[in-house]
Amino acid sequence: VAGSLKALEIARDAAEPRQTLLRNSELFRSLMTEAGFDLLEGSHPIVPVMFPGDDGARQAGQIAD
């Protein structure tokens, strides 16, 4: 329990890292959109990049290599 309470305290007091994560996510989203990628809407740090169509999985795999 003490470990969980400490983790919650750290998360609550971590304003600067949260702001950095938000700025990085916004930058990633803007650069990916500018590059023509299809992104799901939202303002959270996980930015889903969509690869639609029958060839989407192959395209995603090629980019990941």
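Modeller: Buried means under 20% relative accessible area, exposed means over 50%, and partly exposed lies in between (1.4 Å probe, protein chains only). This is a predicted model, where local features need pLDDT of at least 70 and side-chain atom pairs count only at pLDDT 80 or more, while totals for chains, interfaces and linings use all residues. Residues are numbered from 1 along each chain as its sequence is written, and side-chain values use heavy atoms, leaving out hydrogens and water.

Biologist: What is the relative accessible area of Gln 59?

Modeller: Gln 59 sits in helix H3, residues 56-64. A helix is a DSSP run of H or I, at least four residues, numbered from the N terminus. Gln 59 counts as partly exposed, because its relative accessible area is 31%.

Biologist: How many salt bridges does the structure hold?

Modeller: A salt bridge needs a side-chain nitrogen of Lys or Arg within 4 Å of a carboxyl oxygen of Asp or Glu. Side chains of opposite charge can pair when their charged atoms come close. For this structure, the number of salt bridges is three.

Biologist: Which residue forms a salt bridge with Glu 9?

Modeller: Glu 9 is partly exposed, at 33%. At 3.4 Å, N to O, the partner of Glu 9 is Lys 6.

Biologist: How far apart are the closest N and O atoms of Arg 58 and Asp 55?

Modeller: Arg 58 is partly exposed, with a relative accessible area of 43%. Asp 55 is also partly exposed, at 31%. They form a salt bridge, and their closest N and O atoms are separated by 2.4 Å.

Methods. Helices (H or I, at least four residues) and strands (E, at least two) are DSSP runs, numbered from the N terminus.
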